Amino acid sequence: MRFVDEFRDADKARALASKIAGLCEPGRRYKFMEVCGGHTHTIYKHGLEDYLPEQVQLVHGPGCPVCVIPMGRVDDAIHIARRPEVIMTSFGDMMRVPGSGGNFFDSNAEGTTIRMVYSPLDSLKLARQNPDKQVVFMAIGFETTAPSTAMTLLRAAAEGLDNFSVFCNHVTIIPAIKAILDSPDLRLDGFIGPGHVSTVIGCRPYEFIAGSYGKPVVVAGFEPLDILQSIYMLMVQLHEGRSEVENQYSRVVPWQGNPVALKVINQTMQLRPYFEWRGLGFISHSALRVRDDYASFDAEARFEVPGVRVADPKACQCGEVLKGVLKPWECKVFGTACTPETPIGTCMVSPEGACAAYYNFGRFSRKRVQEVTIG
Ligand code: SF4
């Protein structure tokens with residue numbers, strides 16, 4: 001297949017769904033987690049749950065970069081931005097992530113300068129254009145976006161810029177998956193592996209899931225047929241009694257990952273001993289900070305950062321949604337107090353967040369409408 005329409009062919013989707021149904025053992029239920037927020041978005045946008053047999057359930061994982069940022073880190077960023085000499089920058093999705101006293105837009109209304117950028121290189125440009133200011137890039141995301149932050153750090157060092165730094169919030173996917181596997185709350189039959197992250201880390205880091213936990217993993221692309229095919233591949237493995245790592249997205253994901261991207265991450269960043277994830281708590285070795293060799297570009301070394309831990313609002317059940325324990329609509333404030341316009345939790349902010357994806361598309365699914373009508 002070469003064109004995007006071919007990956008969205010409804011007849012082929014129905015054919016795959018019927019092959020999946022054909023592999024369901026009578027009386028058995030199957031629960032697969034799609035780790036990546038991009039998959040969640042596709043599943044709801046294209047109504048893929050409507051194609052699947054009743055016995056196959058999809059639950060959403062922690063792979064939305066914005067969703068896992070805890071309130072305390074938003075507050076820390078605002079604390080840095082309150083310094084008069086600072087221009088804080090970050091990706092657009094971060095602008096509406098709630099901290100304990102409001103989001104970046106609220107903070108700007110009170111006098112800070114927090115700007116949206118499309119790339120860390122835009123922040124570097126701002127630093128060159130504003131030599132009398134300190135430009136801080138709030139870096140977020142998994143291994144997918146870490147290479148661009150790493151390359152920007154290398155560029156800043158090569159140019160000898162002394163008014164640019166990174167407030168590093170990059171997280172790593174494997175410890176989060178392990179935390180979910182060790183959680184007693186959830187019993188899963190397999191994983192739809194994250195496609196974007198895997199372009200960088202490859203498929204080998206998932207081998208412990210198949211080997212030690214006996215759960216199959218299929219790294220999947222982001223079109224509807226990619227996801228249905230990956231579910232079919234998971235079902236075939238279960239049917240044959242196998243648990244292996246397979247790569248459905250081989251047109252993009254190299255098995256060994258991207259050695260150049262991994263090298264620059266390793267050159268400029270190192271693992272933190274632990275990091276707080278929204279809803280998941282502290283997970284050891286699950287995030288990156290700027291390596292000591294580049295400390296002059298580390299906002300946490302350059303500025304005082306309070307590092308206060310802030311509890312999520314009582315009504316917020318993002319943690320349960322991120323662990324796949326709750327479906328978005330099961331949160332008490334979903335669609336009422338919490339909407340994309342007025343998000344209480346992070347899962348309602350980014351289009352990759354399960355709550356936002358479900359709010360925008362999933363509530364119109366045939367299955368859901370039936371459930372509500374019958375219920
Ligand atoms: S509806 Fe809002 S508060 Fe509830 S889980 Fe989703 S994002 Fe979090």
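Colleague: How many salt bridges are there between domain 1 and domain 2?

Modeller: Zero salt bridges there. Keep in mind that this is a predicted model.

Colleague: And how many residue pairs in polar contact between those two domains?

Modeller: Three, counting pairs with both residues at pLDDT 80 or more. On the side of domain 1 that touches domain 2, two residues are nonpolar, two are charged and none is polar.

Colleague: Remind me, where do the domains run?

Modeller: The domain assignment puts domain 1 at 71-171 + 287-302, and domain 2 at 318-374. Four residues of domain 1 and eight of domain 2 make the contact.

Colleague: What area do they bury between them?

Modeller: About 490 Å², with 55% of that on carbon and sulfur atoms. Asp-93, Arg-96 and Pro-98 supply 85% of what domain 1 buries against domain 2.

Colleague: How far apart are the C-alpha centres of the two domains?

Modeller: The centres of domain 1 and domain 2 are 29 Å apart.

Colleague: Switching topic: is Ser-286 buried or exposed?

Modeller: Ser-286 is buried, at 0% relative accessible area. You'll find Ser-286 in the loop linking β12 (281-284) and β13 (288-290).

Colleague: What does the side chain of Ser-286 make polar contacts with?

Modeller: The side chain of Trp-277, for one, in a polar contact of 2.8 Å. A polar atom of the Ser-286 side chain also lies 2.7 Å from the backbone oxygen of Ile-283.

Colleague: Which residues does Ser-286 contact beyond its neighbours within four places in sequence?

Modeller: Val-171, Thr-172, Pro-175, Arg-272, Phe-275 and Trp-277.

Technical notes. Residues are numbered from 1 along each chain as its sequence is written. This is a predicted model: local features need pLDDT of at least 70, side-chain atom pairs count only at pLDDT 80 or more; totals for chains, interfaces and linings use all residues. Side-chain values use heavy atoms; hydrogens and water are left out. Domain bounds come from an automatic or database domain assignment. Contact means heavy atoms within 4.5 Å. Buried area is the accessible area (1.4 Å probe) that two parts lose on being put together, summed over both. A salt bridge is a side-chain nitrogen of Lys or Arg within 4 Å of a carboxyl oxygen of Asp or Glu. A polar contact is a pair of N or O atoms within 3.5 Å; within protein, one must be able to donate a hydrogen and the other to accept it, and residues adjacent in sequence count only if both atoms are side-chain atoms. Ala, Val, Leu, Ile, Met, Phe, Trp, Tyr, Cys and Pro count as nonpolar, Asp, Glu, Lys and Arg as charged, and the others, Gly among them, as polar. Helices (H or I, at least four residues) and strands (E, at least two) are DSSP runs, numbered from the N terminus. Buried means under 20% relative accessible area, exposed over 50%, partly exposed in between (1.4 Å probe, protein chains only).
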